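Dear colleague,

Here is the structure I said I would pass on. My notes on it follow below.

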Amino acid sequence: MCLCIPSNILEVYPDESSALVDTLGVQRQISTHLISAPLAIGDHVLIHVGFAISKIDQQEAQESLATYRQLLAEMDEDDIKVLLQ
């Protein structure tokens with residue numbers, strides 16, 4: 001099963017079709033090849049295996065992130081590390 005945690009776009013690299021995102025404090029560069037909608041700093045995307053697969057609105061992202069933060073508060077540290085890899 002795959003959980004898509006909303007990721008916040010920090011930087012956009014249109015020449016490389018990629019972006020730098022933050023996912024619950026973890027930053028990584030991801031591919032934006034699969035997204036046709038324009039992306040900007042502050043947008044939220046869902047990522048699967050390093051590819052942005054959809055752009056979501058701010059309200060949906062914030063609701064999902066609140067749920068994930070609640071789940072993380074109930075997990076032990078080892079489980080959190082596995083989840084965020």
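Ile-5 counts as buried, because its relative accessibility is 8% and the cut-off for buried is under 20%. Ile-5 sits in the segment before β1. Between the C-alpha atoms of Ile-5 and Asp-78 there are 18 Å, and along the chain the two are 73 residues apart. Please keep in mind that this is a predicted model.

Overall make-up

The protein chain has five strands and two helices. Read from the N terminus, the order of elements is β-β-β-β-β-α-α. The radius of gyration is 13 Å, which agrees with the value near 12 Å that a compact globule of 85 residues would have. The C-alpha trace spans about 40 × 25 × 20 Å along its principal axes. Of the 85 residues, 29% count as buried. The accessible surface of the chain is about 5600 Å², and carbon and sulfur atoms hold 52% of that. Among contacts with a separation of 6 or more, 36% are between residues 24 or more positions apart.

Strand pairing

Strand β1 covers residues 7-13 and β2 covers residues 18-23; the two pair in the antiparallel sense over five bridges.

His-44 in turn has Ile-56 as its bridge partner in β5. β4 and β5 are antiparallel and pair over five bridges. In their hairpin, two residues lie between the strands, and Val-49 has a positive phi near 40 degrees.

How much of β4 is covered? Four of its five residues are buried, so the strand is mostly covered. As a general point, side chains in a regular strand alternate between the two faces of the sheet.

The salt bridge

The count of salt bridges comes to one. The side chains involved are those of Asp-43 and Lys-55, at 3.3 Å from N to O. Asp-43 is in the loop between β3 and β4 and Lys-55 is in strand β5 (residues 51-56), so the pair ties together parts that are twelve residues apart in sequence. In general, side chains of opposite charge can pair when their charged atoms come close.

Are the two partners buried or exposed? Asp-43 counts as buried because its relative accessibility is 19%, where the cut-off is under 20%. Lys-55 has a relative accessible area of 37% and is therefore partly exposed.

The nonpolar patch

Which residues form the nonpolar patch on the surface? They are Leu-34, Val-49, Phe-51 and Ile-53, with about 390 Å² of accessible area together. Leu-34 lies in the loop between β3 (26-31) and β4 (44-48). Leu-34 counts as exposed because its relative accessibility is 56%, and exposed means over 50%. Val-49 of this patch is also the residue with the positive phi in the hairpin of β4 and β5.

Regards

Methods:
Residues numbered from 1 in each chain as written. Predicted model: local features only at pLDDT ≥ 70, side-chain atom pairs only at ≥ 80, totals over all residues. Heavy atoms only, no water. Patch = residues over 30% accessible without salt bridge, like charges linked within 9 Å, V, L, I, M, F, W, Y side chains within 5 Å. Areas by Shrake-Rupley, 256 points an atom, 1.4 Å probe, with all protein chains shown as cover. Salt bridge = Lys/Arg side-chain N within 4 Å of Asp/Glu carboxyl O. Buried < 20%, exposed > 50% of the residue type's maximum accessible area, 1.4 Å probe, protein only. Rg over C-alpha atoms; globule rule 2.2 N^0.38 Å. Contact = heavy atoms within 4.5 Å. Pairing = 2+ DSSP bridges.
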